[in-house]
Amino acid sequence: MILGAAVLLICAVWICVRTFWGREGAYAVVELDGQPYGRYALDEDQEIDIGPGNHISIRNGAVRMTDADCPDHICIRQGRISRDGAMITCLPNRVTVQILADGKTEEDAPDVIVY
Ligand SMILES: [Zn+2]
């Protein structure tokens with residue numbers, strides 16, 4: 001009885017935490033030069049070249065820009081992203097990588113790309 005209550009409480013707290021911090025994303029949606037480039041499932045570890053100058057790695061449900069030939073490397077310094085709505089942008093190469101939750105499409109995502 002007490003154990004059941006404890007498990008329920010932990011579940012409730014966990015749901016609150018998840019809601020507060022945002023959902024885990026399910027896909028990485030990549031755009032190159034303002035055009036859709038690809039959509040990649042995060043539950044699969046993979047290496048993806050984006051155009052001639054960028055490379056992303058998907059590992060353990062998170063995406064990281066691992067290589068870029070842009071001069072500033074800001075995209076690489078943005079680190080790992082995995083939350084719904086999170087985004088890595090490489091302005092010089094016009095590459096964006098956005099995380100979307102399951103069931104969402106690119107059209108649901110806020111259009112924050114301003115060049
Ligand atoms: Zn960059």
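Tutor: With 19 C-beta neighbours inside 10 Å, R64 counts as partly exposed. That class lies between buried, 20 or more other C-beta atoms within 10 Å, and exposed, 12 or fewer, with C-beta atoms placed from the backbone. This is a predicted model, in which local features need pLDDT of at least 70, side-chain atom pairs count only at pLDDT 80 or more, and totals for chains, interfaces and linings use all residues. Residues are numbered from 1 along each chain as its sequence is written.

Student: In which strand is R64 found?

Tutor: Strands are DSSP runs (E, at least two residues), numbered from the N terminus. By this numbering, R64 belongs to strand 5.

Student: Which residues is R64 in contact with, leaving aside its neighbours within four places in sequence?

Tutor: Two residues are in contact if their C-beta atoms, placed from the backbone, lie within 7 Å. With neighbours within four places in sequence left aside, the contacts of R64 are I56, S57, G79 and R80.

Student: What distance separates the C-alpha atoms of R64 and I81?

Tutor: R64 and I81 are 17 residues apart along the chain.

Student: In the open sheet of three strands, what is the strand order?

Tutor: Two strands pair if DSSP finds at least two bridges between them. Strand 3 (46-50) and strand 5 are the edge strands, each pairing on one side only. The pairing in this open sheet is antiparallel, and the order is 3-4-5.

Student: Why is one side of strand 2 and of strand 6 left without a neighbour in the sheet?

Tutor: The open sheet of four strands has antiparallel pairing and the order 2-1-7-6. Strand 2 (35-41) and strand 6 (87-90) stand at its edges, so one side of each lacks a neighbour in the sheet; the reason is that each has a single partner strand.

Student: Which residues have the most contacts inside the largest nonpolar core?

Tutor: A nonpolar core is a set of buried Ala, Val, Leu, Ile, Met, Phe, Trp, Tyr and Cys residues joined through C-beta atoms within 7 Å. The largest one here has 18 residues, and the elements giving two or more residues to this core are strand 1, strand 4 (54-59), strand 5 (62-68), strand 6 and strand 7. Those with the most contacts inside it are A28, I56, V63, M65 and V97.
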